Amino acid sequence: MTSRLATDLCGLRLSTPVIAASGTFAYGIEMDGLVEWPWVGAMVVKGLSREPMDGNPPPRVWEATSGMINSIGLQNIGVRAFVADKLPALAKTKVPVIANVFGYAIEDYQEVIRVLEDAGGVAAYELNVSCPNTKHGGIFFSADPVLLKDLLSKVLPLVRSGRPVIVKLSPNVARIEPVAKAAEESGAQAISLVNTFVSLAIDARTRRPRLGAGLGGLSGPAIKPIALRMVHEASRAVKIPVIGLGGIATGEDAAEFLIAGASAVEVGTASFCDPSSVSRIARELDRFLAEEHIARAADLVGTLKK
Ligand SMILES: Cc1cc2nc3c(=O)[nH]c(=O)nc-3n(C[C@H](O)[C@H](O)[C@H](O)COP(=O)(O)O)c2cc1C
């Protein structure tokens with residue numbers, strides 16, 4: 001890593017602005033030997049729920065044109081097993097660990113946060129709010145600013161450690177600004193976007209969905225132009241830092257998100273094609289900055305010209 005890439009993200013000192021995205025980097029420790037840790041700014045681990053979850057029926061992944069559609073169904077080992085079995089080993093990487101938290105009721109989020117607050121070794125939280133609120137007829141927390149504010153007003157006070165809370169927004173809304181503002185007004189320290197786009201792959205021969213669960217979430221290069229637009233809109237609507245993601249596969253892709261207004265980026269699907277993607281992309285971004293005579297990655301943030 002270099003001083004060009006050193007990034008301050010709501011008080012976290014990151015070696016680079018390139019972060020591993022949730023669900024594509026396992027619990028972090030499985031990537032040991034595959035990435036160059038000093039070039040990984042932070043890692044967001046797989047989404048954690050209060051109890052272990054088996055996820056959706058197979059098939060759970062379908063390769064789309066320039067992307068993939070997944071319906072993993074948030075399978076995970078549960079927050080307690082993560083704290084006991086994974087978290088201690090992550091310390092040796094020296095990379096800040098961001099715990100991705102989700103639930104289907106406000107109480108689920110609260111319980112996961114309570115468990116994590118008692119655990120050392122977590123640098124920040126990322127709340128995945130792209131989940132249906134099963135107690136409110138399945139409306140997605142991320143789809144309604146009122147519902148989102150209600151969730152955050154009951155979860156953020158539980159964070160007494162001072163760890164920053166990032167709210168990860170869904171792109172499956174007509175306008176991103178109201179939900180971005182709702183997160184900011186509720187006290188979130190940062191927002192990240194985008195999560196996957198709800199989509200459907202069909203087998204024309206069987207006339208059935210390709211995925212066991214029916215619908216899935218589209219990610220990868222196919223979504224990058226839409227993600228860039230939404231990151232740009234969100235960054236103009238709020239003053240808190242925005243973390244941009246969606247289809248980033250190269251250092252120049254990462255630079256585009258910084259120009260659009262992101263203070264840092266996350267890399268997801270690219271890690272499936274090349275497990276070293278996160279550190280490779282950070283190296284490529286560093287080279288890009290050197291070639292463009294830009295002293296610090298932060299100097300690129302929000303510099304889109306008309
Ligand atoms: C297989 C898979 C699993 C994912 N699991 C999670 C998850 O547990 N929590 C979450 O917030 N996002 C999850 N995501 C969304 C990614 O973190 C990311 O927001 C999305 O894929 C867009 O970025 P990308 O195009 O770089 O992959 C998952 C994505 C994929 C492809």
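**View 1. The residues gathered around the ligand.** In this predicted model, 25 residues surround the ligand. Take a moment to find the closest ones, which are Ser22, Lys168, Gly220, Gly247 and Thr269. What classes of residue make up the shell around the ligand? Sorted by class, 15 residues of this shell are polar, eight are nonpolar and two are charged.

View 2. Start at Gly220, where a polar backbone atom lies 2.8 Å from an oxygen atom of the ligand. Next, look at Val194: a polar backbone atom of this residue is 2.9 Å from an oxygen atom of the ligand. Gly268 also has a polar backbone atom to show you, at 3.0 Å from an oxygen atom of the ligand. How much of the ligand's accessible area does the protein cover? On its own the ligand has 600 Å² of accessible area, and the protein covers 97% of that.

View 3. Now let's turn to a helix. Ile281 sits in helix α8, which runs through residues 277–291. Is Ile281 buried or exposed? Its relative accessible area is 0%, so Ile281 counts as buried, a word used here for values under 20%. Leaving out residues up to four places away in sequence, Ile281 touches Val18, Ile248, Ala249, Thr250, Gly251, Ala254 and Val267. Pick out Gly251 from that group: Ile281 and Gly251 are 30 residues apart along the chain, yet 4.6 Å separates their C-alpha atoms.

Terms used: Residues are numbered from 1 along each chain as its sequence is written. This is a predicted model: local features need pLDDT of at least 70, side-chain atom pairs count only at pLDDT 80 or more; totals for chains, interfaces and linings use all residues. Side-chain values use heavy atoms; hydrogens and water are left out. A residue is near a molecule or strand if one of its heavy atoms lies within 4 Å of it. A polar contact is a pair of N or O atoms within 3.5 Å; within protein, one must be able to donate a hydrogen and the other to accept it, and residues adjacent in sequence count only if both atoms are side-chain atoms. Accessible areas come from the Shrake-Rupley method with a 1.4 Å probe; for residues, only the protein chains shown count as cover. Ala, Val, Leu, Ile, Met, Phe, Trp, Tyr, Cys and Pro count as nonpolar, Asp, Glu, Lys and Arg as charged, and the others, Gly among them, as polar. Helices (H or I, at least four residues) and strands (E, at least two) are DSSP runs, numbered from the N terminus. Buried means under 20% relative accessible area, exposed over 50%, partly exposed in between (1.4 Å probe, protein chains only). Contact means heavy atoms within 4.5 Å.
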